[in-house]
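Here is a short note to keep beside you as you look through this model for the first time.

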Amino acid sequence: MSTEFLPRKQALLFAAPAFIAILPFLGACFYILRFSLSGEQGTIEGLSFQAYRDLMTPFFGRSVWLTLKLAFVATVIVMVLAVPLAFVLTSLRSSFFRRLLTISILLPLILNLLVQAYGWILLLGPSGVLNSSLKALGIIERPLFLLFNETGVLLGLVQTSLPLAVFPIVGAVRAISPEYLEAASSLGAGHWRTFKDVTVPLLRPGLVGAASIVFAFNASAFAIPLLLGGRRVQMMGLVIRDMISPLFNWSGAAAAGMILIVLTLFVLVASSWLVRLTTTAKETH
Amino acid sequence: MRVGLLPTEGGGTYRFAILFLATIGILISSLPVIVVTIMSFSASEYSSFPPTEFSFRWYLEVVQLFTNEDPSSAQSVVDSTLTSLLVAFLVMVISTLVCIPLAYALARSNRNLREGMELLFTLPLVFPLVMLGIAFLLIAESLQLELGIWRIAIPHIALVLPFVLRNCLSAMNGISVEIEEAAISLGASPPRAIWDVVVPLMKAGILAGLIFALIISFNEFTVTFFMYTIDVSTLPIWMYSRTVSSLDPATLALSVFIIVVDVFLVVLVDKLIAGRGNLF
């Protein structure tokens, strides 16, 4: 059989260098789990749930709530923008414009986050582009505070996670056969009706998958709240960092991190389960 | 009438809504970069928009920053840039060298092994970056490891592995076993068949992987933010330390350099993998 060209032993030998390269990562995962169960704050000592118990404070609870809220709102906004963007991207004929659009959407995910934070500060700051134009137009008298609060963080999250949604949805959109849309249209369905009853159901697995990745990405955001929230928007990433840097509470940081990991993994697993459930339900119909 | 997701004629509110939302999406994606670029050409010290006069003075300032080292500053921009480039180079070479044989093995072995390994090597992608930073910091600090530049390179390798592997794997997918068997039946030894036949065919995917690794490592901020020391620090960290207090136009000019390099590299990847799958 062509899929088993390589004997197992040899395959493992070929995989060995890559395995060594990923080993520190696996070690780090294990280490953080072990540290979160440590009885001491600074070293690994004994086995206890003390670090988790110490996290049961209103402060940490607020941070978890804020993280989930911002990640959720950002995900909703991203999905509302990503679907139209995917439609536009797939219907562009000119390969130059397609490439231009692809790059301008992709860039925020990979470009140095500092550069993007500078951009938002210049745009939204007290004397930034938006405030000075609104002032010049006489719409506002005092500058709007859009930065160093939840609005600024939300915009940054939307910007950086948009590509994570757009590109999988583009793949899903390409897979839709135009005949479905033609059939809907010839049966008299309008554009909105077709969108609601044909396009969205066909895209649903792709949409759920994209949304869950965006949510997980945003829930674990660190640089955006650090740079655009001005430390006032205490998302979990920042709280965890503060436990380490001024407080040296390493086991606490590890435990808070484990909670963050479990939350994001839960969303990813739950959504893939949801997708599988709905697709098998459809097949049995 | 042509039916499509985006109606070319008519479509009324539906077409309007789609185009309106897509425009907002494009603006949110690209406005920050555009504003940074425009402001870097401003002649004034203050960030008032639109700039009243244009000049290249901040670009000259960047050149100055790199040529005349200010001895009073704690971190040197030249050192940070060199470290960034060296780390990116190491990450690029190592991640690609380990991914080529892995991609080969996965494409040529049984399905279970392949699925398991693919899952394992996607893990760094879903693992929160903050946690990656903290986990590596915990190990390095509590075991008191003297790692030098590897302090940053090792976590970066873990970060880029999923991207490099995906590119190498998609390059392997198009190469059938028959080609290799043909080379072997013509007298090539199996290693030689791999090195002389399979690897050259993987070239586009390997290059795309290399560039991906370079881009990600060079732009990485979160994990590096936890791992940097006074001696080993990267360009994004230097930019952060410089702008904690205020925004200075020279960093904007430096940002434009980074934007140009990134755009160039992304276009290159896009061309390399054109028609063979998505960027992500």
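How many residues of domain 1 of chain B are in contact with domain 2 of chain B, and how many of domain 2 do they touch? Please keep in mind throughout that this is a predicted model.

1. Let us begin with that question. In chain B, 13 residues of domain 1 are in contact with 14 residues of domain 2. The domain assignment places domain 1 of chain B at 12-66 and domain 2 of chain B at 71-272. Taken over C-alpha atoms, the centres of these two domains of chain B are 29 Å apart.

2. On the side of domain 1 of chain B that touches domain 2 of chain B, helix 1 (12-40) and helix 2 (57-67) of chain B each supply at least two residues. Helix 2 of chain B gives the most to that side, with 6 residues. By class, the side of domain 1 of chain B that touches domain 2 of chain B has 8 nonpolar, 3 polar and 2 charged residues.

3. Now look at chain A by itself. Chain A has 12 helices and 0 strands. Its C-alpha trace spans about 75 × 70 × 40 Å along the principal axes. Of the 285 residues in chain A, 49% are buried. Among contacts in chain A between residues at least 6 apart in sequence, 67% join residues at least 24 apart.

4. The two chains also meet. Here 90 residues of chain A are in contact with 92 residues of chain B. The area buried between chain A and chain B is about 8,300 Å², with carbon and sulfur atoms giving 82% of it. The rule finds 5 residue pairs in polar contact across the interface of chain A and chain B, both residues of each pair being at pLDDT 80 or more. Helix 1 (residues 8-36) of chain A gives the most to the side of chain A that touches chain B, with 19 residues. That side of chain A divides into 63 nonpolar, 20 polar and 7 charged residues.

5. Which side chains form the salt bridge between chain A and chain B? The count between these chains is 1 salt bridge, and the side chains that meet in it are those of Arg99(A) and Asp270(B), at 2.7 Å, N to O. Arg99(A) is partly exposed at 26% relative accessibility, whereas Asp270(B) is buried, with a relative accessible area of 16%. Over all chains, the count comes to 7 salt bridges. Arg99(A) lies in helix 4 (residues 95-110) of chain A and Asp270(B) in helix 12 (residues 249-272) of chain B, so this pair joins two chains.

6. Finally, a salt bridge inside chain B is worth a look. Arg108(B) forms a salt bridge with Glu180(B), with their closest N and O atoms 2.9 Å apart. Arg108(B) lies in helix 3 (residues 77-108) of chain B and Glu180(B) in helix 7 (residues 177-185) of chain B, so the pair ties together parts that are 72 residues apart in sequence. Arg108(B) is buried, with a relative accessible area of 3%, and Glu180(B) is buried at 2% relative accessibility.

Key: Residues numbered from 1 in each chain as written. Chains lettered and ligands numbered in written order. Heavy atoms only, no water. Domains from an automatic or database assignment. Contact = heavy atoms within 4.5 Å. Helix = DSSP H or I, 4+ residues; strand = E, 2+ residues; numbered from the N terminus. Nonpolar A, V, L, I, M, F, W, Y, C, P; charged D, E, K, R; others polar. Buried area = accessible area lost by both parts, 1.4 Å probe. Salt bridge = Lys/Arg side-chain N within 4 Å of Asp/Glu carboxyl O. Polar contact = N/O pair within 3.5 Å; in protein donor to acceptor, adjacent residues only side chain to side chain. Buried < 20%, exposed > 50% of the residue type's maximum accessible area, 1.4 Å probe, protein only.
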